[in-house]
Amino acid sequence: MVKSTFLVLIALLIFMLAVSAASSVNAQNLVYSVDHEWAQIFINQDGTIDLTYNISVAVTSGSMGGFYVGQPKSDFTPGLSVDQYGNNLQVVESSSGSDYRVDVTLNQRLTAGQSIWFQVTTNVAGMISNDTQNPGNYGMQFISQWISDLAISDIRVQIVLPPYVTTNDVETT
């Protein structure tokens with residue numbers, strides 16, 4: 001009895017290791033590119049921003065079912081996401097430690113040779129603050145999301161000012 005239980009446990013352990021190895025091989029085989037990442041920042045009167053990313057992803061090898069989109073601060077609310085075909089995509093907060101991000105689940109898995117573009121919007125609090133070096137002014141610091149081991153071909157950032165602010169009121173560093 002002890003011997004058969006031991007053999008069952010060994011077989012179960014081997015099975016679990018095989019499944020784990022297979023899933024990590026699939027993850028390791030994923031090769032993709034981000035062809036463009038365009039950010040639009042809409043500054044709201046309450047000091048929050050609506051941050052919309054338009055991202056184009058192409059898979060060279062493996063398959064991809066979702067994409068993490070970085071956020072500039074921890075205090076954000078996931079919004080809507082839609083792909084180029086008009087499909088609404090699931091967006092969930094999936095931050096880990098100081099890695100602030102949302103996970104956008106694609107409508108269909110992408111495989112080698114396929115690409116898609118999608119938009120995702122979040123609302124980020126605490127982005128506008130008093131400029132202590134220039135009293136009477138407000139400031140914002142924004143760095144577009146990056147992927148540490150992947151170059152992004154085309155990055156653009158557009159800031160949409162509130163209606164009462166003109167470009168003459170803006171200074172950049």
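Two strands are taken to pair if DSSP finds at least two bridges between them, and strands (E, at least two residues) and helices (H or I, at least four) are DSSP runs numbered from the N terminus. The model is predicted, so that local features need pLDDT of at least 70 and side-chain atom pairs count only at pLDDT 80 or more, while totals for chains, interfaces and linings use all residues. Residues are numbered from 1 along each chain as its sequence is written, and side-chain values use heavy atoms, with hydrogens and water left out.

Strand E1 (residues 31-43) runs antiparallel to strand E2 (residues 49-61), and 12 bridges join them; one of the bridge pairs sets Val31 against Ser61 in E2. Both strands belong to an open sheet of five strands with mixed pairing, in the order E4-E7-E2-E1-E10. Strand E4 (76-83) and strand E10 (155-160) stand at the edges with a single partner strand each, so one side of each has no neighbour in the sheet. From one strand to the next the twist averages 20°, where axes are lines fitted to C-alpha atoms, for helices over the stretch in contact, and angles between N-to-C directions run from 0 to 180 degrees.

## The three-stranded sheet

A further open sheet holds three strands in the order E3-E6-E5, with antiparallel pairing. Its edge strands are strand E3 (63-70) and strand E5 (90-93), each of which pairs on one side only, and the twist averages 30° from one strand to the next. E3 pairs with strand E6 (residues 101-111) over seven bridges in the antiparallel sense, and Ser63 has Thr111 as its bridge partner in E6.

## The chain as a whole

Of its 173 residues, 29% count as buried, that is, under 20% relative accessible area with a 1.4 Å probe and protein chains only. Among contacts (heavy atoms within 4.5 Å) between residues at least 6 apart in sequence, 66% join residues at least 24 apart.

Conventions: Buried < 20%, exposed > 50% of the residue type's maximum accessible area, 1.4 Å probe, protein only.
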